[in-house]
Amino acid sequence: MHQHMPPADSADVLVVGAGPAGSSTAFHLAQAGLDVLLLEKSVFPREKVCGDGLTPRAVKQLVSMGIPLNAEDGWFPNKGLRIIGGGVRLELGWPELSSYPGFGLVRSRLGFDETLARAAQKAGARLQEGVTVTGPVLDSGGRITGVTARPAGEAERTYRARLVVAADGNSSRLSLAMGLAKRDDRPLGVAVRTYYTSPRHDDDYLESWLELWDGDRLLPGYGWIFGMGDGTSNVGLGLLNTSAAFQHTDYRGLLKRWLAGMPAGWGYTEENQTGPVRGAALPMGFNRTPHYTRGLLLAGDSGGMVNPFNGEGIAYAMECGEIAGRMIAQALARPDQAGTERVLQGYPQALRDAYGGYYTLGRKFVGAIGHPWVMKFATRHGMPRPALMRFTLKLLANLTEPRGGDAADRVINALSKLTPAA
């Protein structure tokens, strides 16, 4: 019996997942004039676990996507990072650089992801929400030529494309189906966060607590308090799997115990909590590779692009979307498959050039702070020295001038170059 097949949806490029990586990739591809189909399994607005704090690296990407950053749209600017630890409280302004703006932002992920997806749409990408990708479609040579997916309430169908971008997050079902498992030799973090109504909601610094005490135990992680500017604070903590304590920690309990030590006037108490405590994995330092294989490119969390120093993922998701968009546009303009392939093989190298040395440094740092005495030493001897802390801020937030710059910029750039790429 001849089975009637529904017509396949096709595009030049299929992007799976409309988080910051997917939307940024789709935006840059659409701007280059390619036909892009962006598939998102949930429906906007959607919740994501995040600190909601955006460093100048992320702001730079938002500006380049032409997104207006007005206060009335929920963008709340900040001047820098306040670091608390070792009995010291330091306010470090974001460095004034030619390459990055001197301000950060806070914006709830609820609205943030949708804003980016709409920007991609406006640029010409075709966004389909409520579509769950169920697996890759491969040709006889094992190359991905599309995906099977189930739009909400409909039968499964096939979408075809010349290239597919997996921007489907930490568990990346698409990567797994293509045989790309996570690397166990890479650090993994966990973030838990919730919201409280608080008089500190209009704090104009991102606040980072470098010491997490659980009774008299120092844990390898950090806490944050970010004012949302809307009457609430985003309060959370990030922990690393480099410590023995990691497997046996009740994160929600730990968050409560950490906040119990805060001044009562800040209002971080149960009755002021405005949402549940939610947790998520932070895939750091390229924990899934290769970033390109057989027609599939990884972007954002699927490729472990979270900064191992500070847990920041959004800036890197958006940057790699720009890199992927630029390279795919070049690749698809080549007249034959061999030429296309040559360009795409350069994608992992472009990411290594951008972050490899820095992420390796980050992994060494993360390995080191897995030993509590290193953290104790850093907070005791590093915190009281402002010049060292300015250096630390540039290092942790990856904010350096690529050329020229001050001594700190040059040292960090040199260290990143000397460190073998991931």
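Helix α1 (residues 20-31) passes helix α6 (residues 314-332) in a right-handed crossing; a crossing is right-handed if the near helix is turned clockwise from the far one by less than a right angle, and left-handed if anticlockwise. The model is a predicted one, in which local features need pLDDT of at least 70, side-chain atom pairs count only at pLDDT 80 or more, and totals for chains, interfaces and linings use all residues. Residues are numbered from 1 along each chain as its sequence is written, and side-chain values use heavy atoms, with hydrogens and water left out.

Two packed helices are described by the angle between their axes and the distance between the axes. For α1 and α6 the angle is about 30° and the axes are 7 Å apart. Axes here are lines fitted to C-alpha atoms, for helices over the stretch in contact, and angles run from 0 to 180 degrees between N-to-C directions. Helices (H or I, at least four residues) and strands (E, at least two) are DSSP runs, numbered from the N terminus. On the α1 side, Pro20, Ala21, Ser24, Thr25, His28 and Leu29 meet α6 residues that include Ile314, Met318, Gly321 and Ile328, where contact means heavy atoms within 4.5 Å. The residues of this contact divide into nine nonpolar, five polar and one charged. In this scheme Ala, Val, Leu, Ile, Met, Phe, Trp, Tyr, Cys and Pro count as nonpolar, Asp, Glu, Lys and Arg as charged, and the others, Gly among them, as polar.

Helix α1 also packs against helix α3 (residues 109-123), at an angle of about 15° and with the axes 8 Å apart. That angle makes α1 roughly parallel to α3, a term for angles under 35 degrees. The crossing of α1 with α3 is left-handed. Here Pro20, Ser23, Ala26, Phe27, Ala30 and Gln31 of α1 meet a set of α3 residues, among them Arg109, Phe112, Leu116 and Ala120. The residues of the contact of α1 with α3 comprise ten nonpolar, two polar and two charged.

The spacing of such contact residues can be read against helix geometry. An α-helix has 3.6 residues a turn, so residues three or four places apart point the same way.

Within α3, the buried residues (under 20% relative accessible area, with a 1.4 Å probe and protein chains only) are Arg109, Gly111, Phe112, Asp113, Glu114, Leu116, Ala117, Ala119 and Ala120. Their cover includes α1, α2, α6 and the strands β2 (36-40), β3 (53-54) and β8 (126-129). The 15 residues of α3 should span 21 Å at 1.5 Å a residue, and the end C-alpha atoms are 21 Å apart, which agrees; the expected span is 1.5 Å times one less than the number of residues.

Helix α2 (residues 56-64) has Pro56, Arg57, Ala58, Val59, Gln61 and Leu62 buried, and is followed by Gly66, whose phi is positive, near 70°. In helix α9 (residues 386-397), the buried residues include Met389, Leu393 and Leu396. Asn398, which follows α9, likewise has a positive phi, near 55°.

Two loop residues complete the picture. Asp204 lies in the loop between β12 (188-197) and β13 (205-209), and counts as partly exposed at 28% relative accessibility. Leaving aside neighbours within four places in sequence, Asp204 is in contact with Pro77, Asn78, Lys79 and Gly80. Asp250 is placed in the loop between β17 (232-240) and α5 (251-260) and is partly exposed, with a relative accessible area of 46%.

Note on methods: Parallel < 35°, antiparallel > 145°, perpendicular 65-115°, else oblique. Buried < 20%, exposed > 50% of the residue type's maximum accessible area, 1.4 Å probe, protein only.
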